[in-house]
Amino acid sequence: MAPAAAGYFRRLKHRLTEDLDQVDAEEMASSADASGACRASDCVRGDEVTMLGRLRSVEACSQSAGATMQAEFFDGTDTVTLVWIGRRRIPGIEPGKKLKVRGRVGDRGGEKVIYNPNYELQCDE
């Protein structure tokens, strides 16, 4: 078998047997790199960033805690918590949705957070 064909089948086997979460993370990271977005793993407190990724979870906080909504955003390299203050629901902000977010990275309990980020829903290709 030609070396090119052997390489193709080796990559195909790797893709078929690889963990789906890992495949999704690699695709998101390469998509973010191609768009020029920052990687969440490279961001630190105080950075003004634009990132491309997917929402893993979305939750509204109870009324007694005030109106806030938060989501776990994952770009293939790391997670960032997005927090919208004064909102209980935002149309289109749902688990699995792909977003481009912009904002300043903060720190909450040692984890990365962006408060009231600007966002754009992205179409899945």
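This is a predicted model: local features need pLDDT of at least 70, side-chain atom pairs count only at pLDDT 80 or more; totals for chains, interfaces and linings use all residues.
Trainee: How many disulfides does a search of the whole structure find?

Mentor: The sulfur of Cys 38 has its closest cysteine sulfur in Cys 43, at 4.9 Å, whereas a disulfide requires the two sulfur atoms to lie within 2.5 Å. That separation is therefore too far for a bond, and Cys 43 is likewise in no disulfide. Over the whole structure, the number of disulfides found is zero.

Trainee: Which of the two, Cys 38 or Cys 43, counts as buried?

Mentor: Buried means a relative accessible area under 20%, with partly exposed residues lying between that cut-off and 50%. Cys 38, at 30% relative accessibility, therefore counts as partly exposed. The value for Cys 43 is 5%, so the residue that counts as buried is Cys 43.

Trainee: Is Val 44 partly exposed or buried, and why?

Mentor: Val 44 is found in the loop between helix 2 (20-35) and strand 1 (48-60). Its C-alpha atom is separated by 8.5 Å from that of Asp 107, although the two residues are 63 apart along the chain. Because the relative accessible area of Val 44 is 49%, this residue is classed as partly exposed.

Trainee: Which residues touch the most other members of the largest nonpolar core?

Mentor: In soluble globular proteins, nonpolar side chains tend to be buried together. The largest nonpolar core here has 17 residues, and strand 1, strand 2 (68-74), strand 3 (79-85) and strand 4 (98-108) each supply at least two of its residues. Phe 73 also has contacts beyond four places away in sequence, among them Arg 54, Asp 78 and Thr 79. The core members that touch the most others are Met 51, Phe 73 and Leu 82.

Trainee: What is the bridge partner of Leu 82 in strand 5?

Mentor: Strand 3 pairs with strand 5 (residues 111-115) in the parallel sense, and three bridges connect the two. Within strand 5, the residue that bridges to Leu 82 is Ile 114.

Terms used: Residues are numbered from 1 along each chain as its sequence is written. Side-chain values use heavy atoms; hydrogens and water are left out. Helices (H or I, at least four residues) and strands (E, at least two) are DSSP runs, numbered from the N terminus. Buried means under 20% relative accessible area, exposed over 50%, partly exposed in between (1.4 Å probe, protein chains only). A nonpolar core is a set of buried Ala, Val, Leu, Ile, Met, Phe, Trp, Tyr and Cys residues joined through side-chain atoms within 4.5 Å. Contact means heavy atoms within 4.5 Å. Two strands pair if DSSP finds at least two bridges between them.
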